[in-house]
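Reader: I would like to learn how to read sheets, pockets and cavities in a model. Can we work through one together?

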Amino acid sequence: MPPVESSELIELQIGAVANGGWCVARHEGRVVFVRHTLPGERVRAQVTQETKNFLRADAVEILEPSPDRVQAPCPFAGPGRCGGCDWQHASLPAQRRLKAEVVKEQLSRLAGIDRDVVVEEVPGAPDGLGWRTRVQFAVRRDGVIGLRKHRSHQIEPIDECLIAHPQVEALGIERKRWSGATGVEAIASAATGDRLAVLSSRGRARVPRMDAPVRLVSGKREEKPPFVREEAAGRLWQVSGSGFWQVHPGAAETLAAAVLDALEPRKGDIAVDLYCGAGLFAGVLGEAVGPDGLVVGIESEGQAVRDARFNLRDLPHVSVERGEVEKVLDEIQFGRGKSTLHQADLVVLDPPRAGAGRDVVKRVAELAGRRVAYVSCDPATLARDLAFFSEYGWTLSGLRAFDAFPMTQHVECVATLVRG
């Protein structure tokens, strides 16, 4: 079979959606992963990469469009342009169906679980735009700002991001020069209006005039870094610098409610919140179990631990431990009066995109007594970890999926596990 030149155009009949914002086609017996297309379309595609087993390609001409195709609202979306959005050419209902198909396929293939999935809308972005409250911009050497192209270090200069929240756009990041900077993260709270720009640089950077605090990341620890205040679940949350918080303005509230529904906490329960960040789930669980219960959060990032302890200072039965989840779980004990327990009633975990992994899953399976809620932003690592849970006697009893990242291929899931 002759090799395919990376600039060659090939005609393809598009099949099913695949994880990662691709659709699948075949060309001369080889699998082709194609972006900027939809299932059922016939397209001309430009090959962008050839490997031993498959091709990658961008659809550059739509010969037979899907009824779900729409005009992308953003002028920077499309083949060879900004890589931030995967599905701007699909209607919102179609985007959610595609994400549901991806979750369903990953569960079936990686965990042997056959389950229908519905991706729910998250309140706050009815048209799928203006929702992203945290945007990481890249900076060229000439100080021009933009977003990276798909699977590339190249930067697409932009003057506006349509999925960015209006409070982010109000900072005017894209309309300024950032000489000496390598990146700028724009952070805004939709609830409080707090805004922050976090700057990273090669050395000395020239900071343009801003109407919000600018933090220069220099490797030197800051005792009191700037923060934004967030509101969710009836509480006010402090999140410092680039600390983790859900980027969709409705996601924190939605996920907190979903976790409570999944765990069904009771007064007096012992609960553990793994990868607890600024303390969102620990906080709602602390209120649910009451002062006769116990909640322990575990987080490795120092500033997030300080934020969580500050945010939960009014809940004395909630504590936050700093350290890697695996190590802290090996040492954890729960004191209740004169008793020391080594098991919790409930566990919630919200790991990074790489997932929890077998070692953490095994420890959680031993630790949890009644229910586990697994919050995931990656269907593949979620499915892999659900297969591990199954090996240790836990069964998936419920799954909800949320469109917390409209226009992109990302989806947030909350899985409920019970002892089999």
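Reader: Which residue in E4 is the bridge partner of Cys23?

Author: In this predicted model, Val34 of E4 is the bridge partner of Cys23. Strand E3 and strand E4 (residues 30–35) run antiparallel, joined by 5 bridges. They form a hairpin with 2 residues between the strands. Glu28 in that hairpin takes a positive phi near 50 degrees.

Reader: Which residue in E3 is the bridge partner of Val17?

Author: Cys23 of E3 is the bridge partner of Val17. Ala18 stands opposite Trp22 in E3. E2 and strand E3 (residues 22–27) pair in the antiparallel sense over 2 bridges. Here, too, is a hairpin: 3 residues lie between E2 and E3. Gly20 in the turn has a positive phi of about 105 degrees.

Reader: How should I think about side chains along a strand?

Author: In a regular strand the side chains alternate between the two faces of the sheet. Keep that in mind as you view each strand.

Reader: What is the strand order of the open sheet of 6 strands?

Author: The order is E1-E5-E6-E4-E3-E2, and the pairing is mixed. Strand E1 (9–13) and strand E2 (17–18) are the edge strands, each pairing on one side only.

Reader: What is the order in the open sheet of 8 strands?

Author: Read it as E7-E23-E24-E22-E21-E16-E17-E18, again with mixed pairing. Strand E7 (119–121) and strand E18 (318–322) each have a single partner strand, so one side of each is left without a neighbour in the sheet. On average, neighbouring strands of this sheet are turned by 20 degrees against each other, direction ignored.

Reader: In which sense do E16 and E17 pair, parallel or antiparallel?

Author: Strand E16 (residues 270–274) and strand E17 (residues 294–299) pair in the parallel sense, over 5 bridges.

Reader: Which strands does helix H5 touch?

Author: Helix H5 (residues 302–311) packs on the sheet and touches E17 and E18. The direction of H5 makes about 170 degrees with that of E18.

Reader: Which strands does helix H7 lie across?

Author: Helix H7 (residues 358–367) lies across E16, strand E21 (344–349), strand E22 (368–376), strand E23 (394–403) and strand E24 (412–419). H7 runs at about 145 degrees to E22.

Reader: Now to empty space. How is it found?

Author: Rolling a probe the size of a water molecule over the atoms shows where empty space is left. In this structure, a search of the whole finds 2 cavities of 30 Å³ or more.

Reader: How much space lies in the largest cavity, and which residues lie nearest its centre?

Author: The largest cavity holds about 150 Å³ of space. Its lining has 13 residues, and Phe244, Cys276, Leu280, Phe281 and Asp350 lie nearest the centre. By class, that lining has 8 nonpolar, 3 polar and 2 charged residues.

Reader: Which residues does UniProt list for "binding site"?

Author: The unreviewed UniProt entry lists Gln246, Tyr275, Glu299 and Asp350. Of these residues, Gln246, Tyr275 and Asp350 are included in the lining of the largest cavity. Gln246 sits in the loop between strand E15 (235–240) and helix H3 (251–263).

Reader: What is the volume of the second largest cavity, and which helix gives the most to its lining?

Author: The volume is about 40 Å³. Helix H1 (residues 92–111) gives the most to the lining, with 3 residues. The lining divides into 4 nonpolar, 4 polar and 1 charged.

Reader: And pockets? How many residues line the second largest pocket?

Author: The second largest pocket is lined by 17 residues. Nearest its centre lie Thr48, Asp58, His150, Arg151 and Ser152. About 280 Å³ of space lies in this pocket. Strand E5 (42–50) and strand E6 (54–64) each supply at least two residues of its lining. By class, the lining of the second largest pocket has 2 nonpolar, 9 polar and 6 charged residues.

Definitions and conventions:
Residues numbered from 1 in each chain as written. Predicted model: local features only at pLDDT ≥ 70, side-chain atom pairs only at ≥ 80, totals over all residues. Heavy atoms only, no water. Pairing = 2+ DSSP bridges. Helix = DSSP H or I, 4+ residues; strand = E, 2+ residues; numbered from the N terminus. Axes fitted to C-alpha atoms, helices over the stretch in contact; angles between N-to-C directions. Contact = heavy atoms within 4.5 Å. 1 Å grid on protein atoms, 1.4 Å probe; cavity = no way out; pocket = protein on both sides within 12 Å on 5 of 7 lines; lining within 4 Å. Points joined across faces, edges and corners; volume = space filled by probe spheres on them. Nonpolar A, V, L, I, M, F, W, Y, C, P; charged D, E, K, R; others polar. UniProt positions renumbered as here; feature names shortened; annotations may be inferred.
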